[in-house]
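Please work through each task before reading its solution.

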Amino acid sequence: PTRFQMAAVRSRVAAGMDRTTGSTDGNAAAPAWPKVERWGRVAYAEALRRQLALAADVETGRSPDTLVEVEHPPTVTLGRHAPETDVLLAPDARATRGIVVARSDRGGKATYHGPGQVVVYPIVHLGRLGLGVKAWVCLLESALREVLASYGLQGELSERRPGVWVNGAKIASIGLRVVRSVSYHGVSLNV
C-alpha cells in the first residue's frame, strides 16, 4: 500500500476503549474519541515538543485523547537508554543522506523514521480508561496486526523481539512513554 488506512486503527482503538470503559451492552454510544490530528511532515524535535504540550493538555482534561498522524524527515531516534552504537550508519553517511539522530524520552532502541513511513502518536490518558501499559501495548499491537491483515499481510509477534513482523522482517515498531498515566510517542509502520 502507498498510504496507511487509519480507519482500521481508529476503529480498533475506539472499540478497545469502549470495552475498557465498561460499555458491554452493545447499545451504548461509541466513545467521543479519539480526536485525530494530521500534522503532515514535521521534524522529530518539533513533533516531540507538540506531543509534550498535547500530553499535558490530555492529563488535565483540556484536550481529549488524540491520535496524531505524522511523517518525519529522515531521522533515527534513540530511546532513553539506547547507546549511540545502535545507530548503524556512520556519521558521514548519515550527513550525506540528510539523516538526523535525535535522542528521545521513550523506551526502546534505535528507530528509523522517514518519508513514506506512517507514524501514529496516540496521546491517551490510560488511567481514565483503566488500562495498564501492558494492555495498551497489546491493544496497539492488535491494531497494527488488523491494519496489516486488511492488506492481506499476517503480522506476527515475537516474545524475544519487540514490534510487529511479517515473514521475519520488522514492519512496525512501538515505543511509548507514560507520565502521570498519559501515554505518548507511539507506533511506526513501514509501508
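**Exercise 1.** Is Arg 180 buried or exposed, and with which side chain does Arg 180 meet in a salt bridge?

*Solution.* Step 1: Arg 180 has a relative accessibility of 58% and counts as exposed (buried is under 20% relative accessible area, exposed over 50%, partly exposed in between, with a 1.4 Å probe and protein chains only). The model is predicted: local features need pLDDT of at least 70 and side-chain atom pairs pLDDT 80 or more, while totals for chains, interfaces and linings use all residues. Residues are numbered from 1 along each chain as its sequence is written, and side-chain values use heavy atoms, without hydrogens and water.

Step 1: The partner of Arg 180 is Glu 59, at 3.0 Å from N to O (a salt bridge is a side-chain nitrogen of Lys or Arg within 4 Å of a carboxyl oxygen of Asp or Glu).

Step 2: Glu 59 belongs to helix 2 and Arg 180 to the loop between strand 8 and strand 9, so the pair ties together parts 121 residues apart in sequence (helices are DSSP runs of H or I with at least four residues, strands runs of E with at least two, numbered from the N terminus).

**Exercise 2.** Which salt bridge does Asp 57 form?

*Solution.* Step 1: Asp 57 pairs with Arg 62, their closest N and O atoms lying 2.8 Å apart. Step 2: Asp 57 is partly exposed, at 23% relative accessible area, whereas Arg 62 is exposed, at 59%.

**Exercise 3.** Where do Arg 49 and Glu 46 lie?

*Solution.* Step 1: Both are in helix 2 (residues 44–60), three residues apart, about one turn of the helix.
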